[in-house]
Amino acid sequence: EVIEKTVPAPDMESLRTELERQGYYLFSARPALRGVMFSLRSRRIPQDLVLIFAQEFAALIKAGLPVVQSLDVMLERQAHPAFRQSLSGVRDRVKSGTSLSDAFLSEGNLYPPMFAASIVAGERSGSLETVLRRFAVHLKIARQLRKKAVSASVYPLVLMTAMLGLTSLLVVGIIP
């Protein structure tokens with residue numbers, strides 16, 4: 001059974017030991033808003049950050065930097081705490097000999113599933129830079145479609161709200 005809840009803990013290690021003492025297994029945790037508590041919900045990296053990462057990582061690889069050095073550069077520039085922590089883990093795994101795709105797959109559902117699949121395809125085909133650029137284009141198109149869908153749904157929502165408002169005004173105020 002998967003349980004999501006907020007538990008106060010001073011740090012991640014004490015949270016893990018406390019939950020294991022209670023008989024639970026910790027899948028993932030993230031700091032809550034106050035920074036003192038850890039939430040047991042799954043976290044996700046925002047797609048905009050993944051898009052920027054894919055573009056910049058592809059540019060660094062095309063420039064001839066090795067993967068580990070490219071990850072170091074990306075890690076230095078990252079301000080998002082969860083993404084920074086994840087990249088640090090990925091870099092450490094790659095340094096220890098794990099493939100880049102396995103390192104990203106070990107991060108769980110932190111990244112979109114297509115991201116890890118793209119890295120696997122890029123590594124196997126030998127064109128990681130090209131695959132990362134195509135993935136970035138895919139994310140851009142998906143973001144544009146999402147924006148269009150939201151903007152297209154605004155007008156019907158405004159009409160429905162106005163219709164319900166006028167109907168309730170008629171039923172409550174004018175007809176009686």
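Analyst: Before a volume can be given, a term is needed: a cavity is a set of grid points where a 1.4 Å probe fits but cannot get out, and its volume is the space filled by probe spheres set on those points. Please keep in mind that this is a predicted model.

User: OK, how many cavities of 30 Å³ or more does the search find?

Analyst: Searching the whole structure gives one cavity of 30 Å³ or more, and the volume of the largest cavity is about 30 Å³.

User: Which residues line the largest cavity?

Analyst: The lining consists of Gln47, Asp48, Leu51, Leu139, Arg143 and Arg146, and the elements that contribute two or more residues to it are α2 (47–62) and α7 (128–174). Sorted by class, that lining has two nonpolar, one polar and three charged residues.

User: Switching to the outside, which residues form the nonpolar patch on the surface?

Analyst: The patch is made of Leu166, Leu169, Leu170, Val171, Val172, Ile174 and Ile175, which together have about 730 Å² of accessible area. One of them, Val171, lies in helix α7 and has a relative accessible area of 52%, so it counts as exposed, the cut-off being over 50%.

User: Now the charges. How many salt bridges are there?

Analyst: The count comes to seven salt bridges. As a general point, side chains of opposite charge can pair when their charged atoms come close.

User: What does Glu56 form a salt bridge with?

Analyst: Glu56 pairs with Arg77, and their closest N and O atoms are 3.3 Å apart. Because Glu56 lies in helix α2 and Arg77 in helix α3 (residues 67–77), the pair ties together parts that are 21 residues apart in sequence. Glu56 is partly exposed at 24% relative accessibility, whereas Arg77 is exposed at 58%.

User: And Arg93, which residue is its partner?

Analyst: Arg93 forms a salt bridge with Glu107, with the closest N and O atoms 2.7 Å apart. Arg93 is in helix α4 (residues 81–95) and Glu107 is in the loop between α5 (100–105) and α6 (113–125), so this pair ties together parts 14 residues apart in sequence.

User: Is Glu107 buried or exposed?

Analyst: Glu107 is buried, because its relative accessible area of 14% is under the 20% cut-off, while Arg93 is partly exposed at 27%.

How values were computed
Residues numbered from 1 in each chain as written. Predicted model: local features only at pLDDT ≥ 70, side-chain atom pairs only at ≥ 80, totals over all residues. Heavy atoms only, no water. 1 Å grid on protein atoms, 1.4 Å probe; cavity = no way out; pocket = protein on both sides within 12 Å on 5 of 7 lines; lining within 4 Å. Helix = DSSP H or I, 4+ residues; strand = E, 2+ residues; numbered from the N terminus. Nonpolar A, V, L, I, M, F, W, Y, C, P; charged D, E, K, R; others polar. Patch = residues over 30% accessible without salt bridge, like charges linked within 9 Å, V, L, I, M, F, W, Y side chains within 5 Å. Areas by Shrake-Rupley, 256 points an atom, 1.4 Å probe, with all protein chains shown as cover. Salt bridge = Lys/Arg side-chain N within 4 Å of Asp/Glu carboxyl O. Buried < 20%, exposed > 50% of the residue type's maximum accessible area, 1.4 Å probe, protein only.
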